[in-house]
Amino acid sequence: MVARSSAEAKFRAMTQGICELLWLKIILEDLRIKSDDPIRLYCDNKSAISIAHNPVQHDRIKHIEVDRHFIEEKLDSGLICTLCLLTRQTCRYSDEGAEQQIL
Amino acid sequence: MELPPGYGRKTATNTVCKLKKTLYGLKQSPRAWFGRFTKVMMDMGFKQSQGDHTLFVKQSQSKGVTMLLVYVDDIIVTGDDEEEQQLLGQHLAKNFEIKTLGKLKYFLGIEVAHSKKGIFISQQKYITDLLKETGKTTCKPANTPIDPNLKLGNTEEDTAVDKEMYQRLVGRLIYLSHTRPDVAFIVSLVSQFMHQPKEIHLQAALRIVQYLKGTLGRGILFERNENANLEAYIDADYAGSIVDRRSTTGYCTFLGGNLVTWRSKKQKCGS
């Protein structure tokens, strides 16, 4: 099967991200670090977020049905909230030397 | 297996040895060792974490928490209960032959530095060794880990390179991405051609090494922080791989503003 839109690819990425977050949450509980706030999930794709929130099933997104139900379950339980992050489409590595904030 | 010297009856046919404990080199040995270690930890009142089986946690009565992480025979202990930690040290010394090395400085090739700001982890020595091994010690550092316009694919006509050497190099780069999220994507890209590496792939891998030379001291800083909020940033490209048109997922998770996990992975099905 082939995705017709990048939203579908991003949607899959969202699922993988949530899986990692759930794992982290289990570890944190073991370490007695508690946080009741919902986990914030940032994504730069508005349609992927809309698909996650909207319970209507379209033809276009039939390939990602399982992922959709998984995300919806987590959203409904209040464990996770999605936020849209607007990014500029810029090349991360410029030839003049990469400026990175993380490192 | 041969009978050990001094063992009474010689060369009796159709006899077997019954093992009472595991021997070094048997495939059951690692599990037996970990089982024994787990038992000792359980006796101490520690609980095995289900999210990570090598993590043991104990909550003492004074509300302090003691944590222990084990990798084969290397152990890290941390927590906010000094007394419990000393007890743990004594208990482990009683059961195993151990040596206490003091404050954590070096673990599995990762250097750990403590400062007022927080904890900094890096793999500087590992990169220096990698540069020596690839003979790139005196090379010109590259500004970027990959040429932004380069698309890697299966190029049939290109000359093949030494497979073992390529796999070793990429394997070392994969280990390096434990403290270097900036090369995670490119390392995952070059590792997709392990089975049939060509000249262009090797050049791309060596370019990463060149980039690392210019950015030796980089690592991850865990800053002291009051809150412990979880956040995740996710993204994906669209049909980024020119071999099978699959997309690549990327995400990084932050705990209290500090980067804890990240991944760059080609998606399993074509979307």
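**View 1. K21(B) sits in the segment before α1 (29-43) of chain B.** Helices (H or I, at least four residues) and strands (E, at least two) are DSSP runs, numbered from the N terminus. The model is predicted: local features need pLDDT of at least 70, side-chain atom pairs count only at pLDDT 80 or more, and totals for chains, interfaces and linings use all residues. Residues are numbered from 1 along each chain as its sequence is written, with chains lettered from A and ligands numbered from 1 in the order in which they are written. Is K21(B) buried or exposed? K21(B) is exposed, because 7 other C-beta atoms lie within 10 Å. The cut-offs are 20 or more such atoms for buried, 12 or fewer for exposed, and partly exposed in between, with C-beta atoms placed from the backbone. From the C-alpha atom of K21(B) to that of L130(B) is 39 Å, for residues 109 apart along the chain.

**View 2. Helices α1 (residues 6-30) and α2 (residues 46-53) of chain A cross at roughly 60 degrees.** Their axes come within 8 Å. Axes are lines fitted to C-alpha atoms, for helices over the stretch in contact, and angles run from 0 to 180 degrees between N-to-C directions. α1(A) supplies A7(A), K10(A), F11(A) and M14(A) to the contact, and α2(A) supplies S47(A), A48(A), I51(A) and A52(A). Contact means C-beta atoms, placed from the backbone, within 7 Å. By class, 6 residues are nonpolar, 1 is polar and 1 is charged. Ala, Val, Leu, Ile, Met, Phe, Trp, Tyr, Cys and Pro count as nonpolar, Asp, Glu, Lys and Arg as charged, and the others, Gly among them, as polar.

**View 3. Chain B meets chain A through 37 residues, against 40 of chain A.** On the chain B side, β2 (55-59), β3 (65-71), β9 (230-236), β10 (248-255) and β11 (258-266) each give two or more residues. β9(B) gives the largest share, 7 residues. This side divides into 17 nonpolar, 15 polar and 5 charged residues.

**View 4. Strand β1 (residues 39-43) of chain A pairs with β9(B) in the parallel sense.** The pairing runs over 4 bridges; DSSP must find at least two for strands to pair. L41(A) stands opposite A232(B).

**View 5. Domain 2 (104-224) and domain 3 (228-271) belong to chain B.** The bounds come from an automatic or database domain assignment. The centres of these two domains, taken over C-alpha atoms, are 19 Å apart. Each domain gives 11 residues to the contact between them. α5 (184-190) and β8 (219-223) each give two or more on the domain 2 side.

Definitions and conventions
Contact = placed C-beta atoms within 7 Å.
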